[in-house]
Structure formats: structure tokens, C-alpha cells
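Biologist: Walk me through this model, one feature at a time. I will ask how to read each one.

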Amino acid sequence: MDTQIYKRSAVFFFRFIHNWILKKVFSISLEITHSCNCNCTHCDKGGPIPDEKLASPEKFGQITRELNPLVTQISGGDPFFRKDLYQIVKNVKLNKYYPYMVLVTNGWLFSEEKYKTLKSMGVDEFSVSLDFPDERHDENRGISGLYQHLNNLIPEITRYGNRDITIISVIRNQTLPELIRLAEKANEWGASIVFSAYTPLRTNDFDEAPLQPDQLEFLHQQLNYIKNNRHNFRIYTSDSVLDGYYNFFTNGCHIPGCRAGYLSLVVNPDGKLVPCAMQSVSFDTREELIRQFSRTNDCGGCYVSLRANTERTLGKTVKEVISYFYQTKYKTSA
Ligand code: SF4
Ligand code: SF4
């Protein structure tokens with residue numbers, strides 16, 4: 001294990017304990033724009049937003065300093081829509097070790113040059129969406145040629161050997177038969193994969209949620225296969241989170257006990273704080289958000305990756321974070 005990884009793991013672990021004791025937020029998602037070049041069938045966003053009110057890079061830096069999270073996602077819409085993206089990254093990366101920074105993109109405006117620049121500025125991980133392991137991805141995203149672009153680009157980037165490209169795929173009825181092939185595709189590209197659970201809250205489309213007995217049985221089989229064969233891939237979604245997804249759908253798209261605001265929150269393009277991407281109430285401070293939303297929140301309508309990962313128990317989180325660092329840096333993919 002090299003010294004850098006020791007240091008990084010130690011800082012991450014102590015900051016985790018620090019945030020746990022001081023009841024600070026673990027993870028924030030900076031949605032720096034809601035403009036997007038895709039128009040995905042499972043999302044409420046799509047297309048450019050004229051005259052969108054945008055907070056400055058300095059404002060995003062200030063918010064990150066005040067909230068002091070372990071993990072910061074830079075997302076959207078698509079973050080590459082912002083011409084000042086590099087400035088935002090510079091302001092948000094507080095020092096060499098934290099926050100652990102993840103850039104989430106559909107990949108259409110991503111390139112090897114941008115990867116190198118963002119990497120040198122401290123982005124730790126790049127999360128690229130993939131719905132299908134072939135051209136059906138273009139149809140779902142509304143961009144012709146997107147799949148082929150990723151098919152060329154991702155292997156170009158993973159050849160650097162930094163193990164920092166993660167494919168993210170949403171589990172829903174249309175993608176259920178593809179989960180294994182998606183993991184295989186990520187492997188073929190030299191990337192890892194995480195799964196998230198579909199929520200009907202974005203589009204109000206319940207047809208995409210596996211709620212019928214035969215769909216739930218199929219989901220169960222697929223998840224079991226993943227759990228039993230995870231050693232063949234780099235799948236970062238832990239067994240406990242996969243079980244959580246299954247429980248969410250079995251329970252009719254509901255899991256009580258949401259901790260949005262306490263453990264995670266989202267920052268809108270204008271710099272206002274919202275509990276999550278599905279809620280429209282916004283606040284100036286986290287204290288206000290907790291007081292006016294989190295304390296009485298009884299919504300359980302999503303179990304997206306951000307929620308599922310931050311709501312694990314302390315013991316599970318420590319165990320799974322250690323396993324994550326091990327897999328990220330050391331495990332040789334099959
Ligand atoms: S899922 Fe992502 S890429 Fe697709 S429309 Fe929504 S924000 Fe854009
Ligand atoms: S369960 Fe929590 S994170 Fe999910 S939509 Fe409801 S408030 Fe947001």
C-alpha cells in the first residue's frame with residue numbers, strides 16, 4: 001500500500017468519525033446547473049434552461065466550507081454545461097485530501113483532456129451514467145452517438161490506471177434484464193459500477209418500478225446473481241444497499257426513516273439548500289432545513305444511491321468504506 005493511500009484512508013476515516021460525532025453532513029450534491037444536453041425518459045430534467053440563476057464558484061466554495069462534508073458530488077443537469085466548471089472545482093476542493101470529490105456526468109461533453117485537467121485539480125472520481133450496454137442508451141438519453149462516444153472514451157481514460165471511473169446505472173423495469181451486462185460492460189471498459197434505485201417521484205411513472213410479483217422475483221434473482229458473482233466485477237454497491245433497493249420496491253417504493261438534511265443534502269444551482277433532488281422546498285442554511293423540513297419529514301419515496309449509502313449503520317459504513325478503498329485501488333478486475 002503506498003503512503004498516499006494510507007494517508008487518504010486515515011484522513012477519510014478520522015473525518016468520518018469527526019462528522020459523525022459533531023452531527024455534520026456526510027455527503028452533499030452540488031447541482032451546479034439544471035441544464036442538460038440529454039433528455040432521459042426517467043428524469044424530470046432535460047434541455048438547456050435559459051436565464052438560469054447560477055451561484056458563483058466562490059459561493060459553492062463557501063457552502064462546502066460551511067457544511068464540511070466528507071464527500072462532495074458535482075452534478076446537474078450536466079456539470080459540463082457550466083463554463084466556469086474548473087473554477088467551481090478549484091473552490092470546492094478544500095485541500096488535497098478532502099472533500100472526496102465526485103463529478104457526475106452523462107459524458108457527452110467529457111473528453112480525455114478534460115479528464116486530465118479535472119484530475120489535476122483534485123477530482124477523485126468520475127461517475128458516468130449508462131442505462132443500456134449498447135445503442136439503446138442513445139434512445140433513452142435522447143442523444144444519438146452517446147453510447148459510441150463512451151465506448152471510445154472510457155477505455156482511453158481507464159488506461160491511465162487511476163481506477164477512478166465509475167459507471168452508474170439505475171435499476172428499473174427496462175434495465176432489469178441488463179444489470180449483469182451493464183456490470184460486464186463496465187468491466188470491459190476497465191471501470192467500476194454502482195447501481196441506484198429508480199424513484200417514480202421524478203416523473204410520476206410507476207410503470208418503471210418493479211412492483212409486480214413477477215418483476216420483484218426477477219429483481220431478486222438479478223440481485224442475488226450480482227451478490228454471488230461480485231468477485232468477477234468491480235461493483236461498489238454493497239450487499240446491504242442492494243438489499244435496501246429490494247426492500248424499497250417490495251414495500252411499494254417506500255422506505256421510512258429518511259435522514260435527508262442530517263446526513264446528506266443537495267445544493268441547487270442558485271446556491272439554495274434542498275433536502276434532496278426530489279423536494280422543492282429550499283433554505284438558506286442547513287439549520288433552517290433541519291428545523292423546517294427534516295424534523296417532520298415522513299417522505300420515504302426514494303432509495304437512491306445517495307440516500308442508501310449515507311443511511312447505513314456506523315459499523316456497516318466503516319466495513320464497507322474500507323472494502324471500497326481496497327477495491328478502488330488494489331483489486332485487479334477479472
Ligand atoms: S438523468 Fe442526468 S443526463 Fe439525463 S436528463 Fe436527467 S440530469 Fe440530464
Ligand atoms: S425519501 Fe428522503 S431523499 Fe428520498 S425523496 Fe423523500 S425526502 Fe428526498
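Biologist: Where does Gly77 lie?

Modeller: Gly77 sits in the loop between β2 and α3. Helices are DSSP runs of H or I with at least four residues, strands are E runs of at least two, and both are numbered from the N terminus. This is a predicted model, where local features need pLDDT of at least 70, side-chain atom pairs count only at pLDDT 80 or more, and totals for chains, interfaces and linings use all residues. Residues are numbered from 1 along each chain as its sequence is written, while chains are lettered from A and ligands numbered from 1 in the order in which they are written.

Biologist: What kind of peptide bond joins Gly76 and Gly77?

Modeller: Start with the general idea. Most peptide bonds are trans, and most residues other than glycine have a negative phi. Here the bond joining Gly76 and Gly77 is cis, with omega about 20°. Tyr98 and Pro99 are also joined by a cis bond, at an omega of about -5°. Pro99 is in the loop between α3 and β3.

Biologist: Next, helix faces. Which residues of α3 are buried?

Modeller: Buried means 20 or more other C-beta atoms within 10 Å of the residue's own; exposed means 12 or fewer; partly exposed is in between, with C-beta atoms placed from the backbone. In α3, residues 85–92, the buried ones are Leu85, Ile88, Val89 and Val92. They lie on the same side of α3, because their arc around the axis is only 100°. That arc is taken from the directions from the helix axis to the C-beta atoms. The general rule explains such spacing: an α-helix has 3.6 residues a turn, so residues three or four places apart point the same way.

Biologist: What do the buried residues of α3 pack against?

Modeller: Their partners are β1 (27–31), α2 (57–67), β2 (71–75), β3 (100–105) and α4 (112–120). Contact means that two C-beta atoms, placed from the backbone, lie within 7 Å.

Biologist: Which residues are buried in α7?

Modeller: In α7, residues 179–189, they are Leu179, Leu182, Ala183, Lys185, Ala186 and Trp189. Their arc is 160° seen down the axis, so they line one face of α7. Their cover includes α6 (146–158), β5 (165–171), β6 and α8. After α7 comes Gly190, with a positive phi near 85°.

Biologist: Which residue has a positive phi of about 55° although it is not a glycine?

Modeller: Lys23. It is in the loop between α1 (3–21) and β1. Lys23 counts as exposed because it has 9 C-beta neighbours inside 10 Å. Asn204, also not a glycine, has a positive phi of about 65°. Its loop runs between β6 (192–197) and α8 (213–229). Asn204 is exposed, with 7 other C-beta atoms within 10 Å.

Biologist: Is Asn268 buried or exposed?

Modeller: Buried, because it has 20 C-beta neighbours inside 10 Å. Asn268 is in the loop between β7 (264–267) and β8 (273–274). Leaving out residues up to four places away in sequence, Asn268 touches Glu31, Val274 and Ser282.

Biologist: Finally, what is the confidence of the chain?

Modeller: pLDDT is the predictor's confidence in each residue, from 0 to 100. The chain averages 92, and 93% of the residues score at least 70. Over residues 330–334 the pLDDT is below 50, and this stretch has six contacts in the model beyond near neighbours in sequence.
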